[in-house]
Amino acid sequence: MHSFEEDHDGIRIYRPDDWDFPRARGRSGIEFRDDGTYVDWAIGRGDADEARPGRWEQAGDGGIQARAADGRPVLRVSSVEPDRLEVRD
């Protein structure tokens, strides 16, 4: 889930959904799957989750690049820890 309170310098922070988040009206999220797909869970109309599917792949520098269903790059994972994921647009 997006921990927008921790965002900084163009980096978005994501935490596990059982993290002790402060109250918020809604939170987006990202789900990476073993088959190379991912889902960007955006906040849609009426605060309902809106799935935006795509694919992820290993980048040349060992990082992870995610692409939207139409192939355009949408985010790059810059750091992974057990309780924290950092991404750049």
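What does Tyr38 count as, buried or exposed, and at what relative accessibility?

Modeller: Tyr38 counts as buried, at 3% relative accessibility; buried means under 20% relative accessible area, exposed over 50%, and partly exposed in between, with a 1.4 Å probe and protein chains only. A word on the ground rules: this is a predicted model, so local features need pLDDT of at least 70 and side-chain atom pairs count only at pLDDT 80 or more, while totals for chains, interfaces and linings use all residues. Residues are numbered from 1 along each chain as its sequence is written, and side-chain values use heavy atoms, with hydrogens and water left out.

Now for the rings around Tyr38. Rings of Phe, Tyr and Trp (its six-membered ring) pair if their centres lie within 6.5 Å; planes under 30 degrees apart are stacked, over 60 edge-to-face, and the rest tilted. That rule gives two aromatic pairs. In one of them, the ring centres of Phe32 and Tyr38 are 5.9 Å apart and the planes meet at 25°, so this pair is stacked. Phe32 itself counts as partly exposed, because its relative accessibility is 29%. Phe32 also pairs with Trp56: here the centres are 6.5 Å apart and the planes are at 75°, so the pair is edge-to-face. That pair ties together distant parts of the chain, since Phe32 is in strand E2 (residues 29–32) and Trp56 in strand E4 (residues 49–58), 24 residues apart; strands (E, at least two residues) are DSSP runs numbered from the N terminus, and helices are H or I runs of at least four. Trp56 counts as partly exposed too, at 23% relative accessibility. Put together, Phe32, Tyr38 and Trp56 form one aromatic cluster.

Stepping back to the whole chain, the secondary structure comes to zero helices and seven strands. Buried residues account for 34% of the 89 residues. The C-alpha trace spans about 40 × 25 × 25 Å along its principal axes.
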